Structure formats: C-alpha cells, structure tokens
Amino acid sequence: MSIPLLSTLIFFPILGGLSLLIVPRQQTATIKIMALIVSLIEFALCAPIFLLFDKTTFAMQFVEVHPWIKALHINYALGIDGISVLFLLLTALIIVLSILVSWQSITTKVQEFFISLLLLEGAMMGVFCATDFFLFYIFWEAMLIPMFLIIGVWGGPNRIYATVKFFLFTLVGSLLMLVGVILLYQNGGHTFDILKLAGQPYSLKLQLILFWAFFAAFAVKVPMWPVHTWLPDAHTEAPAAGSVILAGVLIKMGAYGFLRFSLPILPDATREMMLPMLVLSVIAIVYGAIICLAQTDLKRLIAYSSVSHMGFVTLGMFALNQHGLEGAILQMINHGVVTGALFLAIGMVYERTHTREITAYGGLATTMPVFAGFFLLFTLAAVGLPGTNGFIGEFLILLGSFERAPWTAVVAASGLILGAWYMLWLYQRIFFNEVNEAMHGLKPLDLREILTLLPMVLLIFWIGLYPNALLGFLHVSVGHLLDQVNGLGLAGQAAPLTLALHP
Amino acid sequence: MPASLLAIPLLPLASFVLTLLLGKRWGTRAHWLPIITVLLSFCCALAAFFRVRSGEIVNQDLYTWIASGNLTVSVGFLVDQLTSVMLIVVTSVSSLVHIYSVGYMKGEDGYYRFFAYLSLFTFSMLMLVLGNNFLQLFFGWEAVGLSSYLLIGFYYQKQSASDAGKKAFIVNRFGDFGFILGLFLIFTQFGSLHYHEVFSRVDGIAGQTVSLFGGQASLATVIALLLFCGAIGKSAQIPLHVWLPDAMEGPTPVSALIHAATMVTAGVFLVARCNPIFELSHFALNLITVLGAITALFAATIALVQTDIKRVVAYSTVSQLAYMFIGCGVGAYSAGIFHLFTHAFFKALLFLGCGSVILGMHHEQDVRSMGGLKDKMPITYWTFLLASLSISGVPGLAGFFSKDEILLMAFNTELGAGKFAWAIGVLVAFMTAFYSFRLFFLIFHGEFRGTDHQRDHLHESPAVVTLPLILLAVGAVGAGWFGVPKIIGGDNHWAHFLEPVLGHPHVHVSGLTEGLLMLGSILAGVCGIGLAFYMYRLKPHLPAIVAERLAFCHRLLLNKYYIDEIYIGGIVKPTLAFSRGVLLRVVDLACIDGVVNGVPRAIGVFSEKLRLIQDGQVSHYLAWMGGGAVALVVVLLVSI
C-alpha cells in the first residue's frame, strides 16, 4: 500500500482542525463550512477502505509500522481488521452529523468548538486503528481532552460536575489499564504489539489480574453496571454534538477494548469470567430499562436506555459464540446510529424549546409532523422492530446468549418489553395528546436538519433489511477471535477457519 | 417466482411509501392509489389461489436476509393452501375496508395518513402470511403490530387513543417475549428457521425433553407453548386480551380490518401453520383448548352487558377467536381456519355496520342513545341482521357451518379437554346469539333514545359505505358453503383443500351423533335469539330488573372483571414505584453516586485537616519535627 490510508484518516482531521486557526475567529460561517468540508473529505476517505477491504482474511490490513521509541520496542503501528473497519465509517459519519447539528446551537467560542470536534475525530480514528498497545493508550487518553472541553465549555448549567465525574471515572479506569499494559509488557516478551501479545501462554492468575485491570477501563466506558452513573450526567449536560459523539462512538470504545484486548490476549480469563460478565450485562439491560421509567429528563432517559442497550452488546460479546459476537459488533454500530439519531433529534427540538423536561412537551405530532415521523422511526429502531437495524443486532445477541446460557436470554428478552414501554411512553408524552401551551408555533425542520437525519434513516433500513452488507465484514475476523478465545491457533499463524467461513 | 406473486405485498408497500410522502398534496384524492393497489393485490391473490388449486405450491427464497455462523434466514415466500386462503381473506376484506373508508373518513384530518397506514398494514399482514420462515413471520407479526399501534392512535390528540395504541403494543410484547424464545429454541434444535426444514424434521424432537426450572419438560411442549404465547398476545386471549377492547379507540374501519378480520387472527394462523409441532404435544393442545374455552366464555359474558356498540363487538371478537383456538386445540386446524374465514366476513360486516350506525348517529357509540334505526338505515339494518344471524349460527349462513364443525370436532376428539370445550362452546353459542341480538334490537328496534338533533340528521350512509356492507353480507351468508358437511349433503370441500397442510383428524362419528350435535348448537343459537327478543322487544323493562337483581355480577361484568385494574395495581404501579423508589433513589443516587461523590469528599475532608498542620508557626513545625524524629527512633528500635 503506497498511500498510508490509516495515518491519513487519523491526521487529516487533526491538521484540518488546526488549520481552522488561520481563519479569523469572527468569521464563524467560514469556520463552520471549513469544518464541514474537512469532515466530509474524511468521510470520503473511508470509501477506499470500505471498498478495498478484504473480507476473506482476519489479518490486519492497510498495515503501517514504523519504529517509534526503540528502547521500549514501541512502534507506530496501525492496521484494521473486520472488527474495527466498520467503526471508522461510523466515526466519520457521526462527526459530519455532529458538525451539522451544531450549526446554530453553538454560538460561543465557535472556532474552538469545531477544532475540538475534529481533534476528537482524529483521536477516535487512532483508537480504532492502533495495533500497538502504547499507541492505543495515547489515543485513548487523547480522546478525553476534547470531550472534556466539549462538555465542560459548551455544556449545560451543571456541566462542571458532569465533566469532573466523567473525567474521574474514565481516568481511574484508564490508569488501572496503564498498570495492566505495563504488566503485560513485562510478561509478554517486551512488546506492545497486540498481535504478538495475543496467543502467549500467560498464567491464569496473571490473566485474571490483567482482565480486571482492563475491565476497569473498558467497563467504565461502555458503561457497564454499576459504573454507569457518569453517563446520564455527561449526556444531560453535553451539547447536542457531544451527546451524539458520546453515544455514537465514545461508549463503543469500551466494548471495542474488550474485543481487541481482553478476549484475544486473555482467553483463559475471558472464559473464566464469562459468567460474571453475563450477569453484569443482564443486570444492565433490565436495570437500565426499568430506571428509564423513572426519568423526567429527555436526555437522561435516552442515556439510561444506552446503559440497557450496551448491556445487550456486552451480553452478546461474552456469549462467546459467532452469533453473539457478530450481533454485539453490529449492535454497537446500530446503537451508534439509533441513539446518535435520537440525540440529534433531541438537539434539534431543544434548540426550539430550551427544555429537556418531558412534561413540558406534548402534541408535537401536531406542530412538527415531519419531525414526529423521524423520531418515531428512531424510536422503533430503538425498540428493535424487525425491518430496522435494531432488530438484527438484538436478535443475534439474544440467539447467541440463548445458545450459551438460556436463562440470560430469558431475562434479557424482558428488555424488549421494558424497552417498548419506556420508549413508547416517552413518544406519547412528547408527540401525542393535546398540544402543550409552550409547544405552539415551533418552526418545522429546515433542510439542513432533514439532511442531518436522513442518513440515519437510510442506515436504519439498510442494515435492517440487508444486514449482510455489514455482517460480511465480520464473519472471518469474529471466527478468528473465537479461535483465539477458545485457544485454537496463535495470532499470525494460519488458524483453522472452519468456524468462521460461512457458505 | 411469478411477478404477480411478488406484487401481492409490494403493491401495498409502494402505496404506503408514496401516499405517506405525497398524499398530503393529493388531498381528498389520497385514497385512489391505496385502493387501486389493494384491488390489484386482491386480483393477484386470486390468481395465486387458483394456481395453488391446480397444484402449484411455491416455496422460494428472494434473498438472504441474515447470515451469521450457522444461521441463514431468507426473505422468501411460501404459497400453499393455507397461505392462499389467508391471502384471499386479507386482500378481500382489506379492499372493502379501503373503499368503505372513503366514506367513513371523509373530511377527517390526516386523511392521507389513514390510507397510508392501511396500506402499511396490508403489506405487513401479507408478509406475515406469505413468509416461508419463522423470522419473516415475526417481521410481519411486529409490523402489523406497528400498523395497529399507528391506527389505534390515529386520533393521537386524544389521550385515550394514544394510551390504547401504546397499551396494544406493550401487551403484545409480552406475547412476543415467549414467541422469540420459542424461535431460539427451534433454531437450536433444528438449526434452521425455515418452515420446510423444521417441519420435515419435526418428528426428531418427539419424546425429547429439556430441563426447565430443575425439572424435565417435553421439548415439543415447551416450543409449542412458547409459540402459543405469541398467539395469546396477538389474538387477544386470556390473560393478554386487555388491549383489544381498548383498541376500539381507532377508527371503525380499522377495527373491522385489523381487530376483527385479519391481524387478530394471526395467532390462529400461527398455530395452524405450526401444527406439526403442536401435534407432538397433547399437553399444549389441551391447554389451548381449555384456554380457548375459558376465553370464549369470559369474553362472551362481558359482551352481555357492554353499552358501547364497538366494545360489544370487540368482546365478541375475543370470544370468536377463542372458538378458533378450540378448533386448533382439538386438532381440527382446518375447522379453526374455516371459522377464521367465515368470521372475517361476518365480523367485519358487524364492525362496518356499527361504523355506518356511528356515522348516521353523528359519532354516537352508546347503544342507550339509539333505537329504531331500522327505517332510517335500511341497508345497514338488513346487512347487520344477516351478520347477526350468521354469528348466531343460524343454519345455512356462514357462521353456522364453521362453528358447527368446531363443536363437532371438540366433542369427538380423544383429547381430555374436548368435551369440556364442547360444553362451554354450546353455552357460548347461546350467549353469542343473545348479545348479538340484544345489540341488534337495541340499535334498530324500539323507540329512538338519542337527542333531537341526532334524530333530525339520522340518515343512511352513502353508497361507498353501503356497497362494502352488501358485499360482505354476501360473504357472511355464503362463505360457509365451501365447507358443507357430508351429513347435509356437502362434501366438506374446505377440509379437503387444506388437508395437505393442516391434516385431517379422523373422527368416527355416527350420523345420529352428528345430527344431534348439530341440533344442539342450532337450538343454542335460536334460544339465544329468542331470549334477546323476549327481553329487549317483548319486555323492555326486564333487563334493568335483572341487572338490579344481579347487581354484583352486573358490576363485575361491566367492569370487565377488573382485569385492567388488577394489572395496573399489580404490575404497572409497582414497577414504576420500584423504578423511582429503589433503583433511582437508593441504588443509583444513594449507593453508587454516594460512593462516587463520597470518596472525593472524604479525601477533601482529610486534606482539609491535613492542611491545618501547615499553619506557618515555626514552633509547631519544630514540635512535629521532634515528634517525627522520636517516632522514627522508636520504630527503628522496635524493628531491631
């Protein structure tokens, strides 16, 4: 590969973001347009990756390796496989939409805001591309800073509490992971290369220590129960774009971390800890769903629903079989699309009403019918109606967990009932019944807003009706991951592919 | 696959999309596209039916929907005898309801939206019956649920309507909960979700058991009951029947199409489609039969006293659906489907008749304000009479043949629950005739009890409304002639046609028994009509006296056995209280955030204390230094 595509993906938005500095800060229109163009080019850059990606191998593709800190065997190493490729696209799309939704809602420090967004994009791309644990850690921590600023500077009234909480939660987790990384470096032959670290015969005791060290970082990000309470605060206070990125990409990082590190590097501990992980997932599903029923704040409700939905993701993941894992990865994309779309929509309506109190709403189907249609579709995808993307993910996850331990599927399936309950109730309170006094005269969606929501609608149906377009990327890589978890085949070798290849 | 087959579901789908996007511009002409497409669908369905009759069964995949590991599910069509019958029912009733709605919904806000939703429903229901695998069935299953949600809540500005839509969706999810687990169990056992592969290997699970809650249960029973959970929800059987009466908040054409003729019968279709599985479990069949009998009786008793005309018919629907389940439960699937078929016509006719009355009465639904409408609304009157006679099982009309077939099969089955179901069935036939004619007499005979304004404007509905009534009346009379039993000179064509899919239970019954049974059910119906005539025509003051004498029962029935109140008090409110009181306040805020905020606070308090040490007083620093030095020496000495 002559062009370093992945490096371009990482550094183009960073450079693009920094180039906004040359525009005088009063020219907000120019800044916005430039930011949008940068994000659109970045999105277009994903196209060759999507098209050139070889679905028949689990090996890392578009690989770039350059020695970085030789004394510590640290490399600048990038590469993607079936597990990470889809997230690049998701990230690029989410950033474009975040810029669009911020067009009018961000009025102060405009330049800094869009720079933060683009820097964040670069860091997120880096997380999904890094195949060196050290490099991964750098990107992982680098994401925190722009996100911290986005919530802390452009957030709601209680933003300081929310940002500090968000920062402390994730930092404590990350530090434990750092300790784990160093421990792994010492025991894994003094390398940070993820591929080399996997498949080494670590003792079970060491694996368990490392598992929980990584767990601290990843579980907080997911967030798994009981380390989820930062999410509702962060979502509530974040500006629309912040919520969209948080729900769309950032919380996927935790689940991605499990997939990239815990499962392949620590297979014995993963199998050992399967049951506790399944239990925590099921608790998250039911707990998150029931607690949604008590919410009076629009964004807080969706935040808690994320806890429930991410519970499905970890449930499928720790079912440790093809259906569950593929479902989990697909559901990560789905959740990014659907919850991202819900936060986009909420951002749009918040611009008009300036309230997040559910009781302040009512009758919006009368005053904003087109918006009501969009929101209904997102609601249906969130409750997993067949034909939408949400169904495919949930179905595969539940099937996988049923095959692993039927009772987990039984408990988790109650999330389908509860999900319909809280989402339809929410929908009813916002859109149906008499028009609330304060809701008269809301202006309808403009073209920019419709164009922001439309890609999500297309994705919901596309994935819902033809999920194989995405599942096709996963089969081989997930099969290989399963081989690793089950102790078959070492990384880099030609592992048996019987499990993975689908007719 | 013939293009005409693809067109059956795709035409309504296209109509839905176009009408939703463009219908607003079309204004009062928004109904044309939906009507034309559904009529074309109907023609294609007829063509499909005749192809099946000539022996051409289609089972073909369109494309692979989901592929993951060993799971491959396609979108594909299966058109066999059962499907072709369902196609006819769905497209014909849907066509008539489409036409009827032009008159009924005239001038309503969201006219185009209504027709778009009708098209969406038609598409969904067709996908449900056409699928050649369980997952596509589930797709249709949920999609009809969505259409139902949208149409029940069509008047979404009304709290009661939006509540009812939400309730229907959520209650159905309880059933889906079991249904989807059933699908998982089927997949893990058969490695496929396609009908053909599952049913052709179904004998393999006979006698197998699964461990469940520490005990052993028959695998077939567990699968059958999980699937039946879905049917209970969709077809509104006890204990998930509560959504259907509330669904009457939707416009009346919707009640006729979705909540009488088609969607609610999806549960019966499911059981019939899966008959190879159900056949393996006598326990499941007995349970279906008993539950059917109980539901039939339960709903019929409630229907006796309701005063909202649509609610009477709604409870009647629950009761009639239960009949169909009795038919399936005793293994007479073709009889169940037969009743589904005839019921679609006479019940749709009853609902549309109610709609015509509601139109004529300016949106009055309370039977206590009606009376004497016979002369003002002759077409509605006569068609309603035919439907009432049909549902009451008067010989020669559609309802008679199908109901009789079910009761006959129930009586003669070797299943334990058969005789019980038969006895209840006859009793319910009596009650059905009674409440149907109570309604009939109260609406059309006697004195007019409404306001003067209503009286002055009372009118027969326009032709666009009455024409569907007349056509449905033809069905309500003649739909039963496809299955005339041998004893009165027929050859039971219906059962023979469906036999390849549904089988045919071999009951050996003497002509005398069959004749007596038939006589019994005829008598039940006639007595019911007679009693209604006596109470509501001859002695109109009698009902009030009976209600007073049996005040407790009357109140119990009027309040539908307080089931809604029990659910709200027993499930809804406790869950909400648990959510607010325990999960949010105690676990999240007090425990988890208590720790999260408590640790930094504790560190803060500690550092606050620690800060005091550095107070700038040299003497204090000296004291600390001295103390520290002494402590060090002590530690050193001790450790040596």
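User: What makes Arg368(B) and Asp366(B) a salt bridge?

Analyst: The closest N and O atoms of Arg368(B) and Asp366(B) are 2.7 Å apart. A salt bridge needs a side-chain nitrogen of Lys or Arg within 4 Å of a carboxyl oxygen of Asp or Glu, so the pair qualifies. The model is predicted, so local features need pLDDT of at least 70 and side-chain atom pairs pLDDT 80 or more, while totals for chains, interfaces and linings use all residues. Residues are numbered from 1 along each chain as its sequence is written, chains are lettered from A and ligands numbered from 1 in the order written, and side-chain values use heavy atoms, without hydrogens and water.

User: Is Arg368(B) buried or exposed, and how do you know?

Analyst: Arg368(B) has a relative accessible area of 53%, so it is exposed. The classes, with a 1.4 Å probe and protein chains only, are buried under 20%, exposed over 50% and partly exposed in between.

User: Which class does Asp564(B) fall in, and why?

Analyst: Asp564(B) counts as buried because its relative accessibility is 16%. Asp564(B) forms a salt bridge with Lys167(B), with the closest N and O atoms 2.8 Å apart.

User: What makes Asp564(B) and Lys167(B) a link between distant parts of the chain?

Analyst: Asp564(B) is in helix α25 and Lys167(B) is in helix α6 (residues 159-190) of chain B, 397 residues apart. Helices (H or I, at least four residues) and strands (E, at least two) are DSSP runs, numbered from the N terminus.

User: Where do Asp297(A) and Arg356(A) lie, and what is their salt-bridge distance?

Analyst: Asp297(A) and Arg356(A) form a salt bridge with closest N and O atoms 3.0 Å apart. Asp297(A) is in the loop between α13 (274-292) and α14 (298-318) of chain A, Arg356(A) in the loop between α15 (322-353) and α16 (364-367), 59 residues apart. Both Asp297(A) and Arg356(A) are buried.

User: How many salt bridges are counted over all chains, and how many across the interface of chain A and chain B?

Analyst: The count over all chains is 20, and across the interface of chain A and chain B the rule finds one. Asp593(B) and Lys165(A) meet in a salt bridge of 2.9 Å, N to O. Lys165(A) and Asp593(B) also belong to a network of salt bridges with Asp233(A) and Arg300(A).

User: How do you know how much area chain A and chain B bury between them?

Analyst: Buried area is the accessible area (1.4 Å probe) that two parts lose on being put together, summed over both. For chain A and chain B this is about 5,000 Å², 71% of it on carbon and sulfur atoms. In chain A, Phe395(A), Ile417(A) and Trp421(A) lose the most area to chain B, together 13% of what that side buries.

User: Which residues count as in contact across the two chains, and how many are there?

Analyst: Contact means heavy atoms within 4.5 Å. By that rule 59 residues of chain A are in contact with 50 residues of chain B.

User: Why is His31(B) called buried?

Analyst: His31(B) has a relative accessible area of 9%, so it is buried. His31(B) lies in the loop between α1 (3-26) and α2 (32-53) of chain B. Leaving aside neighbours within four places in sequence, His31(B) is in contact with Val102(B), Tyr111(B) and Phe115(B).

User: What makes the pair His31(B) and Tyr111(B) a polar contact?

Analyst: Their side chains are joined at 2.7 Å. A polar contact is a pair of N or O atoms within 3.5 Å; within protein, one must be able to donate a hydrogen and the other to accept it, and residues adjacent in sequence count only if both atoms are side-chain atoms. Between chain A and chain B, the count is 28 residue pairs in polar contact, both at pLDDT 80 or more.

User: Why is His73(A) called partly exposed?

Analyst: His73(A) is partly exposed because its relative accessible area is 43%. His73(A) lies in the loop between β1 (61-69) and β2 (74-80) of chain A. Although not a glycine, His73(A) has a positive phi of about 60°.

User: What is the class of Tyr562(B), and why?

Analyst: Tyr562(B) has a relative accessible area of 31%, so it is partly exposed. Phi of Tyr562(B) is near 55°, a positive value in a residue other than glycine.
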